[in-house]
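I opened my notebook to look up the salt bridges here. My entries follow.

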Amino acid sequence: MEAKIEGLDALYKQLGKVGGNIEKEAVEGLKKAGQNIIADAQQNLRANKSVVFGQLRQSGRVQEVRGENSVDIGFFAKD
């Protein structure tokens, strides 16, 4: 399936003139949203008095995926 949107190239050029790197700003926005998600999850763990609270709470983080415009958000085992 292929779709063509007239004026898309012109739109990208205009957005590029706005200033800053839109993709970089989007990733920064994702990071901030991810930090809020982690904070909420940690607060829920605290409120529910989770048995594994200490280790689990400390493993929450937001990490940028290199080479992509995305982030991973979650609770990860330590490297």
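**Salt bridges**

I began inside helix α2 (residues 22–47), which holds both glutamate 28 and lysine 31. The two are 3 residues apart, about one turn of the helix. I took helices (H or I, at least four residues) and strands (E, at least two) as DSSP runs, numbered from the N terminus.

I kept in mind that this is a predicted model, where local features need pLDDT of at least 70, side-chain atom pairs count only at pLDDT 80 or more, and totals for chains, interfaces and linings use all residues. Residues are numbered from 1 along each chain as its sequence is written, and side-chain values use heavy atoms, with hydrogens and water left out.

I searched the whole structure and found 2 salt bridges. A salt bridge here is a side-chain nitrogen of Lys or Arg within 4 Å of a carboxyl oxygen of Asp or Glu.

I noted that glutamate 28 pairs with lysine 31, with closest N and O atoms 3.4 Å apart. Lysine 31 also bridges to glutamate 64, at 2.9 Å between the closest N and O atoms. Glutamate 64 sits in strand β1 (residues 60–65) and lysine 31 in helix α2, so this pair ties together parts 33 residues apart in sequence.

I then checked accessibility (buried under 20% relative accessible area, exposed over 50%, partly exposed in between; 1.4 Å probe, protein chains only). Glutamate 28 is partly exposed at 32%. Lysine 31 is partly exposed at 22%. Glutamate 64 is partly exposed at 39%.

My last entry: salt bridges link Glu28, Lys31 and Glu64 in a network.
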